[in-house]
Amino acid sequence: ESIMAETMAEIQKWDAPGAGSSTHPPRAPYRISSVTLGKLTFDADFDSGNCARVVAVAGTSDEFNVWTSADCAGTSVITEAKTWFHLSVRGGEVGSSISLTVNNMNGQGKLYLHDFRPVYRNGTSGEWQRIRTPVAARGSKEGDDFRISFTHRFDCAQDLPTFFAFSYPWSFAEGQTLLDELEAQFGAACPDASALAAGEG
């Protein structure tokens with residue numbers, strides 16, 4: 001809880017009017033929240049969500065460009081890693097398609113040469129599956145313009161969100177749950193960390 005509180009405090013600090021300096025510029029928006037374009041609503045405002053921006057391709061109703069945020073965006077420890085994406089789309093009719101182009105990624109061309117694909121799931125309790133269609137990868141690491149495109153056919157009710165991610169997500173909440181389970185199972189048998197540090201264990 002303290003880590004989460006510190007992270008939120010850091011984000012709020014960089015959100016404040018006039019925040020930033022020559023070494024830590026004010027943060028740009030790093031995670032969309034309920035952005036509606038036509039009949040579809042895009043969201044990344046959840047644990048492990050990452051989508052900084054979404055724009056419809058002119059003249060279409062089913063093609064969209066999305067952009068990733070760098071890891072730790074919105075904090076003073078932002079990194080240059082910018083491959084992870086995780087967003088949801090709600091409102092697609094069963095049988096209709098959506099085409100997404102994910103921009104602002106690190107060069108990952110070798111992955112996609114071997115049929116690496118993003119994953120999707122329907123609703124918050126659905127099972128993660130690989131995208132059913134091949135992925136088109138363009139751009140390069142050297143050109144700093146690597147991006148991927150893929151198409152998905154909706155196969156769930158319109159009121160359910162469909163989630164898309166770079167790969168199988170493992171959220172902060174899932175990590176905490178696993179740690180709690182391990183603590184309950186093995187905690188009593190583990191030596192106290194302070195005792196180990198003092199050489200008593």
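## Exercises on a predicted model

Strand β6 (residues 97-103) runs antiparallel to strand β10 (residues 147-153), and six bridges join the pair. This is a predicted model, in which local features need pLDDT of at least 70, side-chain atom pairs count only at pLDDT 80 or more, and totals for chains, interfaces and linings use all residues. Residues are numbered from 1 along each chain as its sequence is written, and side-chain values use heavy atoms, leaving out hydrogens and water.

**Exercise 1.** Find the bridge partner of Ile-98 in β10, then place the strands in their sheet.

*Solution.* 
- Strands (E, at least two residues) are DSSP runs numbered from the N terminus, as are helices (H or I, at least four).
- Two strands pair if DSSP finds at least two bridges between them.
- Ile-98 has His-152 as its bridge partner.
- The sheet is open, with mixed pairing and five strands in the order β3-β4-β6-β10-β9.
- β3 (53-56) and β9 (136-138) are the edges; each has a single partner strand, so one side of each lacks a neighbour in the sheet.

**Exercise 2.** Is Cys-156 buried or exposed? Classify Cys-72 too, and count the disulfides.

*Solution.* 
- Buried means under 20% relative accessible area, exposed over 50%, and partly exposed in between (1.4 Å probe, protein chains only).
- Cys-156 has 9% relative accessibility, so Cys-156 is buried.
- Cys-72, with a relative accessible area of 41%, is partly exposed.
- A disulfide is a pair of cysteine sulfur atoms within 2.5 Å, and the count by this rule is zero.
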